[in-house]
Amino acid sequence: RRTSFGGAFRRDLPAPAGRATVAAMSDLQILAITRFAYPGLGGFQTEHDTVEARQAYLWHPDRMETRFRTLEHVCLRTLAAQTDGDFRTIVMTGDALPEPWRSRLVSLVSGLKGGHVVFHPAEQYREAIRNVVLPFIDPDGPPTMQFRHDDDDGVGRRFVARSRETFADVRPFWERHKRLTIDFNQGYLLGLTPDGPRTEATFNPHLGVAQAVFLAPTNTRTALHFPHHRIGTLMPSITLPDAPMWLRGVDGMNDSGVRAQVERLIPADEERRAELRRRFALD
């Protein structure tokens with residue numbers, strides 16, 4: 001099993017298009033936040049009465065194999081391919097996650113530059129997110145850019161770079177409000193099958209994928225504390241519609257009730273496969 005995004009995963013990536021790779025900067029504290037089978041209560045549409053029931057559901061072997069597949073080949077791969085690599089990735093899971101999943105997760109994330117696995121006790125969802133994310137933020141530092149990055153979703157290789165560039169353009173506006181979201185509304189629904197990817201091109205504002213949230217470093221709420229579908233009512237929002245920037249995984253197992261969308265996916269032709277590789281580094 002290949003577990004290093006700095007080695008075998010990176011050699012087959014196409015050269016970055018457009019602007020050159022952005023050098024390390026300190027104008028923002030950037031965090032990608034991934035929940036991986038975290039069994040805390042609340043925060044999901046599929047709920048359970050006890051932590052034990054949630055663990056049994058989330059950590060079922062068949063489900064874990066599916067989620068590891070998308071985590072490795074979509075979620076982490078698209079982060080490893082970013083043209084601007086000056087950010088950190090927090091992968092949050094339960095402190096009781098058993099083997100072999102525990103070691104497998106550590107092995108995968110350790111191959112990602114800036115990647116951290118946090119094994120956190122099961123607690124109420126919003127408190128858990130706060131307790132995991134805030135220690136990664138310097139309250140005396142620059143503004144934070146945070147984005148949720150679910151284990152079956154992906155972002156375009158220019159997502160971090162474009163978000164940073166756009167924030168620089170509108171920073172005086174952010175200084176007035178101290179909260180802002182930059183949302184890319186074009187992307188692809190994606191299903192992985194033994195015969196290759198199945199996709200549907202679509203647009204969906206505030207889907208929660210490729211959605212950057214900019215907050216003051218002293219803010220005790222995180223990007224995940226703001227419901228992504230309502231975020232346009234909670235802070236100023238800038239929408240960028242010019243390029244597909246996200247992959248939304250759909251496999252009939254999603255918590256967010258998208259099973260009907262699976263039937264609309266069609267096999268990716270050679271042109272679509274080439275675009276998935278060029279924009280998202282999909283293999």
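Visitor: Hi! Which residues are buried in helix H8, residues 270–280?

Guide: Glu 275, Leu 276 and Phe 280 are the buried ones in H8. Buried means under 20% relative accessible area, exposed over 50%, and partly exposed in between, with a 1.4 Å probe and protein chains only. Helices (H or I, at least four residues) and strands (E, at least two) are DSSP runs, numbered from the N terminus.

Visitor: Why are they on the same side of H8?

Guide: They cover an arc of only 100 degrees around the axis, so they end up on the same side of H8. That arc is taken from the directions from the helix axis to the C-beta atoms.

Visitor: Before we go on, what kind of model is this?

Guide: This is a predicted model, where local features need pLDDT of at least 70 and side-chain atom pairs count only at pLDDT 80 or more, while totals for chains, interfaces and linings use all residues. Residues are numbered from 1 along each chain as its sequence is written, and side-chain values use heavy atoms, leaving out hydrogens and water.

Visitor: Thanks! Back to H8: what do its buried residues pack against?

Guide: They pack against H3, strand E5 (153–155), strand E7 (186–193), E8 and strand E11 (246–249). Contact means heavy atoms within 4.5 Å.

Visitor: And which exposed residues sit on the face turned away?

Guide: Glu 270 and Glu 271 are carried there.

Visitor: What caps the N-terminal end of H8?

Guide: Asp 269 does, with a side-chain oxygen 3.2 Å from the backbone nitrogen of Glu 271. After H8 comes Ala 281, which has a positive phi near 65 degrees.

Visitor: You mentioned H3. How do the axes of H3 and H4 cross?

Guide: They come within 11 Å and cross at roughly 5 degrees. H3 and H4 are therefore roughly parallel to each other. Axes are lines fitted to C-alpha atoms, for helices over the stretch in contact, and angles run from 0 to 180 degrees between N-to-C directions. Angles under 35 degrees count as roughly parallel, over 145 as roughly antiparallel, 65 to 115 as roughly perpendicular and the rest as oblique.

Visitor: Which residues make that contact?

Guide: Among them are Met 64, Phe 68 and Leu 71 of H3, with Trp 101, Leu 105 and Leu 108 of H4.

Visitor: New topic: which residues touch the most other members of the largest nonpolar core?

Guide: Phe 159 and Phe 214 do, out of 45 residues in that core. A nonpolar core is a set of buried Ala, Val, Leu, Ile, Met, Phe, Trp, Tyr and Cys residues joined through side-chain atoms within 4.5 Å.

Visitor: Where does the largest share come from?

Guide: H3 supplies it, with seven residues. There is also a second, separate core of 20 residues, including Ile 33 and Val 213.

Visitor: How about Thr 34, buried or exposed?

Guide: Thr 34 is in strand E1, and it counts as buried because its relative accessibility is 0%. Beyond its neighbours within four places in sequence, Thr 34 is in contact with several residues, including Leu 71, Cys 75 and His 149.

Note on methods:
Polar contact = N/O pair within 3.5 Å; in protein donor to acceptor, adjacent residues only side chain to side chain.
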